[in-house]
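This briefing covers helix packing and model confidence. The structure comes first, followed by the notes.

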Amino acid sequence: MKKIHPLILSLASGILLAAAWPPLPTTFLIFIAFIPLFMLADQQPRKWAFVGWCALSMMTWNALTTWWIWNSTGPGSIAAIIVNTVLMSIPWLAFYWAVKRFGSRYSHWAFIASWMTFEYVHLSWDLSWPWLTLGNAFAAQPSWIQWYEFTGTSGGSLWILLMNVLLFKQLYRTGSLQINNRRAFSITLLSGIGVPILISVLVSTFSQKKDARLADDARKNNDPLHNVVVVQPNIDPYKKFTVGTQDEQLATLIQLSASQIDSNTRLLVWPETAINLPNGIEEDSIRNNYLLRPLWEFLGNNPKLVLLSGLEGYKIYRSGEQSKYSRPIRDTELWYDSYNSAMLLDSSGILSRYHKSKLVPGVELLPPFLNFLGPLLEQFGGTTGGYARQEERTVLRHAGNGYAIAPAICYESIYGDFMTGFMRNGANIIGIITNDGWWGNTSGHKQHLLYARLRAIENRRWIARSANTGISAFIDPYGRILQQQPWDKAIAIKEVVTLRREMSFFSRNGDLISKFMVAGVLVLILMSLKKKRKKPAL
């Protein structure tokens, strides 16, 4: 068979990956998306030529799926695509190295471990951007991956990589695409895809039967059916912090809330930075802020209600008391921290608070070695100066109504292993407060919504999702989206949700698969060093 030009193979892989990505329904393409690059490796190109073609493929995938970042920040979108492309090329360099070191028999398995190690590391450093973690591809197909309650998204990544390797080995022989053993190919295809889906159906069926028994018990005991109200105010994010607009914004939020709450409403959810002033709000004195009097009056008139809301806040320190994130106030001895916060409030003020931990690279956070890029990066959902962040997973509790909320601010809900920390701290519901309006009406906010259903499945928790301009919704513990609201609409929605305290295997144990893969990569490195030191036989 004549060799296929590397450009064709490179673009084919990038396009297949993009075509398989949410919100598109063609998810099945993900099982063959890496095959063109495996074919390219078999043509034995030079190392940097191979890595370069793989980089082009990864750039194609990134550009076609995350181009919408451009709507909020041009330089930021280019930087995100380039940096992610470079990082995604590292596993392909490791693959090339494995081919040379261990031969083609074991190199594909080494690639699986390398890719999953990359995904795991990419979740936890300052340039973290796990939007394209492979396991996220199934966000459009929740019925396929109900077993995420055991594995998290790393189980999906492993499934995708295994199928690509197995199908490649069945399809590709000595430089040509062909099916040498149709029976073996059929078994690989049907069992490799069908068995995980069958397991998913069985897991979902068993869990839902258990839920039905619990619901019957609740009805027999005449347990009260409390509801949650979510508000989507549809406030232009680019005008949100304009001086003089805050009174109108607060009035809109209160009016929409009042249209849905009733005597059984116990929790009200507003979006990220819903409560704001042009220069922020000092959190410790928020109850005394006269501009927020309509809010305290509203909550006072509804004493059974608690509000989960985003807030643009700050804290003032005297010199010597500041945190490691604090910045000085010019010409004073005072320091301050800025926060992107989630607050649980009633008429008395703040009941509990959480400060966003997973900050957006380049916009809310820059690693020290990239500080020189700060002036080039524009704001979307944060501040180029940077927020202070907290490490612990603070659950926002209200003893009176039983809610223990795992707050996810902005895009924190795309971090599966991170969110399990809230469950281990006792969270029985997830509250996502976000503002996707910076991206416009593109696939970005749709992907973000779909990723949230993965957190519902992993932790078997209800999600109340309030997005400033959309998409607001409720998501049940099986990833089913309820009352999904359209983009660019002001509305409030209400749903009865159940509070689940039982933790899933993934909630209890976190991402075990990725940790195993990291250990595998370390073993491969040690094996390589040992092989390198071994003297040739005489």
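At what angle do helix H2 and H3 pack, and how far apart are their axes? H2 (residues 35–42) and H3 pack at about 170°, with axes 10 Å apart. This is a predicted model, in which local features need pLDDT of at least 70 and side-chain atom pairs count only at pLDDT 80 or more, while totals for chains, interfaces and linings use all residues. Residues are numbered from 1 along each chain as its sequence is written, and side-chain values use heavy atoms, leaving out hydrogens and water.

**H2 and H3**
- The two helices, H2 and H3, are therefore roughly antiparallel (angle over 145 degrees, on a scale from 0 to 180 between N-to-C directions).
- Leu37, Leu40 and Ala41 in H2 meet Phe50, Trp53, Cys54, Ser57 and Met58 in H3 (contact means heavy atoms within 4.5 Å).
- By class, this contact of H2 with H3 has seven nonpolar, one polar and no charged residues.

**H3 and H4**
- H3 (residues 47–66) packs against H4 (residues 74–102) at about 140°, and their axes are 8 Å apart.
- H3 and H4 cross in a right-handed sense.

**Confidence**
- The protein has a mean pLDDT of 89, and 90% of its residues reach 70 or more (pLDDT is the predictor's confidence in each residue, from 0 to 100).
- Residues 372–384 stay under 50 in pLDDT, with 32 contacts beyond four places in sequence in the model.

How values were computed. Helix = DSSP H or I, 4+ residues; strand = E, 2+ residues; numbered from the N terminus. Left-handed = near helix turned anticlockwise from the far one by under 90°. Parallel < 35°, antiparallel > 145°, perpendicular 65-115°, else oblique. Nonpolar A, V, L, I, M, F, W, Y, C, P; charged D, E, K, R; others polar.
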